[in-house]
Amino acid sequence: MFAHAIGFDDAPFAHGWRGDVPVIGTVYARTTLHGVVSGRVRRDGRNSTAELVRLVNRSPEHLQLILLQGIALAGFNVVDLHALHAQTGKPVLVVARRAPDLDRIRVALLTRVPGGARKWALIGAAGPMEPCGGVFVQRAGLTLAQAQGALEAFTVTGRIPEPLRAAHLIARGVTQGHSRGGRV
């Protein structure tokens, strides 16, 4: 099944921050870290898909799977899952601890975020979050059974796959000077 993956998470940022936010990607072979990539996306912007495509396409060719810690980076910089899949040729698996409150997200996007209608459409096009392996997932380019297999292959501690857990820890450590292994 899947043996090589890259997992992305954004760095923490201040509530009022309006600039770019670091994004960290960790490249894994099964449960071993093999590399780290970094980029930047605009807070509540629209460049997350292009930046992830750039980072994935700079990564080793043997990557088989892209993992995301949620469908949006840097607030509401929503990733177009299907475009990411099409432009990289890699399946995309979004992982979340719990199902999002879609009503709250819709209201926030449509009333407070520039380009909110387009971003809401991307969330809808991604399909519903589905329970899988103790978490919730959205996917492009893989079946639910393949998603389950990927979670099993890359999860060592807790319920979050190691590439996402490590990306979260690195992003926090780099921006805040420390990280801790609590919930991701």
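Helices (H or I, at least four residues) and strands (E, at least two) are DSSP runs here, numbered from the N terminus. The model is predicted: local features need pLDDT of at least 70, side-chain atom pairs count only at pLDDT 80 or more, and totals for chains, interfaces and linings use all residues. Residues are numbered from 1 along each chain as its sequence is written, and side-chain values use heavy atoms, with hydrogens and water left out.

Let's start with some loops. Glycine 16 sits in the loop between strand 1 and strand 2 (20-29). Its C-alpha atom is 28 Å from that of valine 36, and the two residues are 20 apart in sequence. Arginine 30 belongs to the loop between strand 2 and strand 3 (32-42), while aspartate 44 is in the loop between strand 3 and helix 1. Arginine 30 is not a glycine, yet its phi is positive, about 55°. Aspartate 44, also not a glycine, has a positive phi of about 55°.

How open are these and two further residues? In the table, buried means under 20% relative accessible area, exposed over 50%, and partly exposed in between (1.4 Å probe, protein chains only).

| Residue | Relative accessibility | Class |
|---|---|---|
| Glycine 16 | 55% | exposed |
| Arginine 30 | 53% | exposed |
| Aspartate 44 | 17% | buried |
| Leucine 142 | 7% | buried |
| Glutamine 138 | 5% | buried |

Glutamine 138 is part of strand 9. A polar atom of its side chain lies 2.7 Å from the backbone oxygen of glycine 127. This is a polar contact, a pair of N or O atoms within 3.5 Å; within protein, one must be able to donate a hydrogen and the other to accept it, and residues adjacent in sequence count only if both atoms are side-chain atoms. Contact in general means heavy atoms within 4.5 Å. Leaving aside residues up to four places away in sequence, glutamine 138 touches several residues, among them Ile71, Leu81, Val94, Ile123 and Met129.

Leucine 142 is in the loop between strand 9 (135-140) and helix 5 (144-154). Not counting residues up to four places away in sequence, leucine 142 touches Phe2, Leu65, Pro91, Val92 and Ala147.

**Helix 2**

Helix 2 (residues 81-88) has Leu81, Ala83, Leu84 and Thr88 as its buried residues. Seen down the helix axis, they fall within an arc of 165°, so they line one face of helix 2. That arc is taken from the directions from the helix axis to the C-beta atoms. These buried residues pack against helix 1 (48-57), strand 4 (65-68), strand 7 and strand 9. At the start of helix 2, a side-chain oxygen of aspartate 80 comes to within 3.2 Å of the backbone nitrogen of histidine 82. Just after helix 2, glycine 89 has a positive phi of about 75°.

**The largest pocket**

A pocket is an open set of points on a 1 Å grid over the protein atoms alone, where a 1.4 Å probe fits, with protein on both sides within 12 Å along at least five of seven lines; lining residues have an atom within 4 Å of a point. Grid points are joined across faces, edges and corners, and a volume is the space filled by probe spheres set on the points. The largest pocket has a volume of about 980 Å³. Of the 33 residues lining it, Gln69, Gly70, Ile71, Ala72 and Ala96 are the closest to its centre. Elements that each supply at least two lining residues include strand 1 (4-10), strand 7 (92-96) and helix 6 (162-176).
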